[in-house]
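Have the viewer ready and follow along.

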Amino acid sequence: MLNGKKILLGITGSIAAYKIPFLVRLLVKEGAEVQVVMTENARDFVTPLTLSTLSKRPVFTYPFNEKDGTWNSHVDMGNWADLMIIAPASAATLSKMASGMADNLLVTTYLSAKCPVFFAPAMDLDMYRHPTTAKNVETLLSFGHQLIEPQVGELASGLCGAGRMEEPENILNVLREHFKKKLRFKGKKFLITAGPTYEYIDPVRFIGNFSSGQMGFALAIEAAERGAEVTLVSGPVNLTISHPSIQLIKVVSASEMYEKTITTFPENDITIMSAAVADFTPAVKSGIKIKKENALTAINLVPTKDILATAGGMKKPGQILVGFALETDHEIENAQKKLHTKNLDLIVLNSLNDAGAGFGVATNKITILDKSRNQYDFGVKPKSEVASDILDKISGLL
Ligand code: CTP
């Protein structure tokens with residue numbers, strides 16, 4: 001899996017840097033090309049000579065070579081790599097990556113990288129669980145980067161807790177798995193809808209819902225990580241995404257989502273509609289703010305178009321269409337009905353009766369139903385893992 005792959009390896013100032021020569025050796029043994037970029041502080045923990053000897057390439061720390069005035073181009077390195085991994089990733093570097101603080105070669109290279117990015121934090125337990133570090137990790141995850149979680153164990157400080165960098169052999173397995181996964185949806189085009197829709201009443205008021213978009217964004221990232229080209233049509237959410245294989249189309253209302261989704265639908269192989277689309281919209285949208293003296297006591301609503309059902313009616317052989325169903329009662333029965341009436345291949349059911357499922361939470365609990373009346377129940381999991389379960393089932397249909 002790693003043979004011929006170009007790996008950019010960023011090393012930062014953490015004691016776990018002493019394990020990185022083993023990682024370089026393992027990667028090189030598998031046939032990968034490894035380009036090391038290390039921060040100045042990392043050089044206190046492991047020598048550039050050790051790393052250049054093992055990687056068989058020069059190791060870079062500074063943007064310029066003072067002796068001959070040449071440039072170690074972060075842009076070229078960023079373009080060259082198939083994958084970038086920052087290991088160990090210190091608290092300071094996580095913060096710089098999350099905020100774009102490009103004051104060293106490692107971070108400028110990271111900002112130029114167009115490839116998937118992995119990061120393996122290593123620090124003391126209190127630093128790792130500090131809210132600012134947790135927020136930076138969240139931000140990096142929202143960019144679509146992959147966290148290689150630190151392990152619980154004895155730390156260099158003598159304390160015990162989460163903060164030990166994952167072992168080189170396990171990091172190698174994560175990278176192998178990444179390249180294996182990348183082949184699964186290679187050449188496939190995905191269309192994913194996410195988030196809520198806002199239906200304007202007037203320029204300052206709307207009818208909306210609590211969908212955060214997390215499930216749809218997690219699906220987009222997972223599909224892109226498995227090699228797909230993804231178009232993500234999202235309603236208003238507080239999420240950002242930056243992945244070379246994901247094109248984000250932002251919409252506000254159900255009618256805009258309908259238009260963008262239905263025009264793109266025919267070009268796609270696999271469509272997953274996870275958006276919480278409004279079923280009704282105000283019949284009249286005032287162009288100016290409605291004043292209270294005009295006493296608006298009722299809003300007339302008209303139905304929106306069902307995007308999923310429209311796509312189901314247009315579906316050509318070979319196209320796969322997956323819908324979601326959020327139910328509060330008669331869950332399986334209602335979901336089965338939607339599967340058939342909307343001409344779906346799979347439906348993902350969330351029940352609002354399950355703790356940890358549905359809107360605005362980082363986890364979900366799903367049941368997947370297929371056309372042959374098979375039912376697959378899953379436990380409560382982070383939405384990234386739920387996305388992986390859904391894509392595994394879709395993969396089974398190909
Ligand atoms: N959906 C859609 N367009 C709509 C309404 C729903 O594409 N106008 C999609 C959702 O993205 C989801 C599926 O249809 O994939 C089911 O949505 P849900 O709200 O559970 O069901 P509805 O069909 O709207 O029916 P009801 O609200 O009566 O349960």
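A residue is near a molecule or strand if one of its heavy atoms lies within 4 Å of it. By that rule there are 16 residues around the ligand, and those that come nearest are Met273, Ala275, Phe324, Lys338 and Lys342. Before going further, keep in mind that this is a predicted model, in which local features need pLDDT of at least 70, side-chain atom pairs count only at pLDDT 80 or more, and totals for chains, interfaces and linings use all residues. Residues are numbered from 1 along each chain as its sequence is written, and side-chain values use heavy atoms, with hydrogens and water left out.

What is the make-up of that shell around the ligand, in nonpolar, polar and charged residues? It splits into nine nonpolar, two polar and five charged residues. The sorting rule is that Ala, Val, Leu, Ile, Met, Phe, Trp, Tyr, Cys and Pro count as nonpolar, Asp, Glu, Lys and Arg as charged, and the others, Gly among them, as polar.

As for where the shell comes from, helix H11 (307-314) and strand S18 (320-327) each supply at least two of its residues. Strand S18 gives the largest share, with four residues. Helices here (H or I, at least four residues) and strands (E, at least two) are DSSP runs, numbered from the N terminus.

Now look at the polar contacts. The term covers a pair of N or O atoms within 3.5 Å; within protein, one must be able to donate a hydrogen and the other to accept it, and residues adjacent in sequence count only if both atoms are side-chain atoms. A polar backbone atom of Met273 sits 2.7 Å from an oxygen atom of the ligand, and a polar backbone atom of Phe324 is 2.9 Å from a ligand oxygen atom. At Ile307, a backbone N or O atom lies 3.0 Å from a nitrogen atom of the ligand. On its own the ligand has 560 Å² of accessible area, and the protein covers 76% of that. Accessible areas come from the Shrake-Rupley method with a 1.4 Å probe, and for residues, only the protein chains shown count as cover.

Zooming out, the protein contains 13 helices and 23 strands. Its C-alpha trace spans about 75 × 55 × 45 Å along the principal axes. Of its 398 residues, 49% count as buried. Buried means under 20% relative accessible area, exposed over 50%, and partly exposed in between (1.4 Å probe, protein chains only).

Back in helix H11, we find Ala311. Is Ala311 buried or exposed? Ala311 has a relative accessible area of 0%, so it counts as buried. From Ala311 to Pro48 the separation is 263 residues in sequence and 56 Å in space, C-alpha to C-alpha. Compare that with Glu177 in helix H8, which is 176 residues from Met1 in sequence and 8.1 Å from it in space, C-alpha to C-alpha. Glu177 counts as partly exposed because its relative accessibility is 34%.

Helix H8 (168-182) and strand S10 (189-194) have a loop between them, and Leu183 is found there. With 52% relative accessibility, Leu183 counts as exposed.

Finally, some backbone geometry to check. The peptide bond from Ala87 to Pro88 is cis, with omega near -10°, and Pro88 belongs to strand S5 (residues 83-89). Lys56 is not a glycine, yet its phi is positive, near 60°. You'll find Lys56 in the loop between helix H2 (48-55) and strand S3 (64-65), and its 66% relative accessibility makes it exposed. Arg373, also not a glycine, has a positive phi of about 65°. Arg373 lies in the loop between strand S21 (366-370) and strand S22 (375-377), and is exposed at a relative accessible area of 57%.
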